[in-house]
Amino acid sequence: MKDSDIEDAVARVLSGYTAPKSLEATVTKALTDLAKPGTQGCVREAPKPADPIDDIIGGILTRELGEKNCSCCKAGSCTAPANCLSIPDDQAETVGDGIFATMDAAVEAAAEAQRQYLFCSMSARKRFIDGLREVFLNPALLERISRLAVEQTGMGNVAHKIIKNRLAAEKTPGIEDLTTEAQSGDDGLTLVELSAYGVIGAITPTTNPTETIICNAIGMLAAGNAVVFSPHPRARGVSLLAIKLINRKLAALGAPANLVVTVQAPSIENTNAMMAHPKVRMLVATGGPAIVKTVLSSGKKAIGAGAGNPPVVVDETADIPKAALDIVNGCSFDNNMPCVAEKELIAVAEIADFLTAELVRNGAHRLTDPAQIAALEKLVLTEKGGPQTGCVGKSAVWLLDKIGVKAAPETRIILIETGKDHPFVVEELMMPILPLVRVACVDEAIDLAVVLEHGNRHTAIMHSTNVRKLTKMAKLIQTTIFVKNGPSYAGLGVGGEGYATFTIAGPTGEGLTSARSFARRRKCVMVEALNVR
Ligand code: NAD
């Protein structure tokens with residue numbers, strides 16, 4: 001960097017800013033140091049988080065110089081490839097940038113990072129989180145991680161994963177989620193603040209691998225924690241890539257190194273080692289019943305975001321054409337993998353035929369031939385009646401093709417009318433197969449929906465214009481998310497109001513997790529002072 005560039009940058013930083021002389025000198029010195037040979041590239045040495053003035057300067061430098069030093073990430077002509085944000089696919093799993101050979105090393109590094117992070121200001125935290133959002137909102141990267149997730153897991157669909165990843169980056173709450181309570185009186189002033197747990201162990205699913213990493217990283221870092229991720233082994237490559245990208249961005253922004261880490265070879269053994277490590281103070285499991293039960297038996301503070309089996313009820317007062325379109329959209333979203341997606345349809349008999357016709361009009365393939373239904377059961381169910389892993393997250397066209405049915409390419413879901421005890425109804429398949437159960441009236445529909453939700457307290461959907469019945473179902477089913485007259489994904493924040501989360505904790509009650517879910521309430525008491533009433 002030329003001296004004139006440095007002077008320009010200093011002038012820009014300080015214009016309109018009445019900086020003390022000492023600050024001007026410090027900024028100039030820091031800029032000069034950064035321009036020395038060997039310090040250029042995407043990532044600068046993380047400054048030791050200490051003096052708040054360093055933090056201010058860090059922020060100013062990042063804004064002023066970050067983009068210049070990171071031109072390689074944008075232009076693809078990196079002079080320091082080891083530090084570049086454009087990591088080749090085959091380098092995602094190498095040690096470095098938050099990836100460790102052993103779980104013990106990963107946790108120790110995260111614990112040291114979190115100790116340093118305690119001394120970073122809230123504005124620094126915000127800057128780091130804004131940086132993560134920026135990384136994952138890059139359209140080329142969104143496409144890349146979404147495509148890799150589909151290729152590596154064999155599940156889902158790229159276009160919908162782009163929507164989900166973008167949603168996680170854009171609408172996961174940051175530090176604004178941490179609100180302080182204050183009580184004042186004759187005895188002084190008390191503050192109750194939301195403070196970090198320390199190192200959190202976060203276990204992530206194969207169905208939303210990068211979405212959960214983005215969402216958890218933002219929320220957990222916002223609350224002042226470091227995170228050790230334990231991704232699903234099937235989503236290893238893309239999960240490690242996301243974690244590396246996070247580390248490189250954090251390093252470029254001057255954050256303590258290793259705030260977000262994982263191991264090179266995620267496995268059940270490594271997850272168990274992570275859960276047992278004394279320096280991991282909280283566990284967050286996003287996955288099926290087994291892992292939720294495991295973290296809840298760990299003896300540590302745990303959040304369990306478990307399975308769902310969301311029923312969708314349609315009564316005779318609903319706008320049937322709209323309900324049909326919403327149901328097909330929600331049920332086919334990412335090939336039905338979201339835990340919130342419509343898994344079984346309960347329709348009042350009076351409108352069931354009309355609804356069926358509208359579903360077909362919107363891309364449902366209706367299967368009525370008993371032999372074809374039997375073939376589908378054989379294909380997608382295990383001997384125990386659960387979903388065949390190889391069929392989870394596959395498209396309707398793929399599933400139909402496997403049973404010898406050549407469906408139109410625009411086919412989006414498979415519709416089958418069944419009894420209420422059929423495994424397609426009872427099990428969480430995570431495939432675009434929608435069983436329809438016909439019932440006599442809306443009250444029967446609501447009662448059945450409560451049974452089929454299995455007490456997961458996850459998600460339910462209802463299409464009705466009868467406010468009393470909507471209220472009745474919402475009260476009785478007790479789900480964390482209840483969507484009225486919309487597709488299930490409105491509950492995630494796609495086309496619905498509210499923030500996004502990919503860790504929906506029904507079993508442990510946090511519900512829609514966000515930064516405050518990953519924080520402890522701590523009390524700071526100032527005795528006999530600062531009460532000014
Ligand atoms: P899964 O339970 O098979 O795996 C989830 C994670 O737990 C993975 O990282 C896996 O490696 C790990 N794991 C599983 N069993 C373990 C054990 N005994 N010991 C240690 N680690 C273990 O689930 P999945 O197939 O990846 O994801 C789908 C499930 O997750 C569905 O049931 C879905 O509803 C649920 N899910 C829930 C939410 C939510 O927010 N509630 C979000 C996404 C997915």
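Author: The part to begin with is Val150, which lies in helix α7 (residues 139-153); helices (H or I, at least four residues) and strands (E, at least two) are DSSP runs, numbered from the N terminus. Residues are numbered from 1 along each chain as its sequence is written. The model is a predicted one, in which local features need pLDDT of at least 70 and side-chain atom pairs count only at pLDDT 80 or more, while totals for chains, interfaces and linings use all residues.

Val150 is buried, because 20 other C-beta atoms lie within 10 Å; a residue is buried if 20 or more other C-beta atoms lie within 10 Å of its own, exposed if 12 or fewer, and partly exposed in between, with the C-beta atoms placed from the backbone. If its neighbours within four places in sequence are left aside, Val150 is in contact with Met155, Gly156, Asn157, Val158 and Lys161, where contact requires that the two C-beta atoms, placed from the backbone, lie within 7 Å. Ser195 is 45 residues away from Val150 along the chain, and the C-alpha atoms of the two are separated by 37 Å.

For the chain as a whole, there are 19 helices and 18 strands, and buried residues make up 50% of the 533 residues. Of the contacts with a separation of 6 or more, 75% are accounted for by residues 24 or more positions apart. The unreviewed UniProt entry places the feature "domain: Aldehyde dehydrogenase" at residues 101-361; UniProt positions are given in the numbering used here, feature names are shortened, and annotations may be inferred rather than shown by experiment. That span, residues 101-361, is 51% helix and 19% strand, and its end C-alpha atoms lie 53 Å apart.

Another helix to consider is α10 (residues 236-252), whose 17 residues should span 24 Å at 1.5 Å a residue, in agreement with the 24 Å between its end C-alpha atoms; the expected span is 1.5 Å times one less than the number of residues. Since 16 of the 17 residues of α10 are buried, α10 is largely enclosed by the rest of the structure. Gly254, which follows α10, has a positive phi, near 80°.

Strand β6 (residues 260-263) has Val260 and Thr262 pointing one way and Val261 and Val263 the other way, and all are buried. In a regular strand, side chains alternate between the two faces of the sheet. Two strands count as paired if DSSP finds at least two bridges between them. Strand β1 (residues 99-100) pairs with β6 in the parallel sense over two bridges, with Ile99 standing opposite Thr262. Strand β5 (residues 226-230) and β6 also pair in the parallel sense over two bridges, and here Val227 has Val260 as its bridge partner.

Strand β7 (residues 280-286) runs parallel to β8 and is joined to it by five bridges, and Ala285 has Gly304 in β8 as its bridge partner. Because four of the five residues of β8 (residues 301-305) are buried, β8 is largely enclosed by the rest of the structure.

The ligand is surrounded by 28 residues, of which Pro205, Gly287, Gly288, Ala307 and Cys339 are the closest; a residue belongs here if its C-beta atom, placed from the backbone, lies within 6 Å of the molecule. Two or more residues of this shell come from each of α11 (268-276) and α12 (289-296). The shell divides into twelve nonpolar, 15 polar and one charged residue, where Ala, Val, Leu, Ile, Met, Phe, Trp, Tyr, Cys and Pro count as nonpolar, Asp, Glu, Lys and Arg as charged, and the others, Gly among them, as polar. Ala290, in helix α12, is exposed, because 11 other C-beta atoms lie within 10 Å. Ala290 and Gly306, 16 residues apart in sequence, are 8.8 Å apart from C-alpha to C-alpha.

Gln478, in the loop between α19 (467-477) and β15 (481-484), has a phi near 60°, a positive value in a residue other than glycine, and Gln478 is partly exposed because 15 other C-beta atoms lie within 10 Å. Leu530, in the segment after β18 (519-527), has a phi near 65°, again positive in a residue other than glycine, and with 12 C-beta neighbours inside 10 Å Leu530 counts as exposed.
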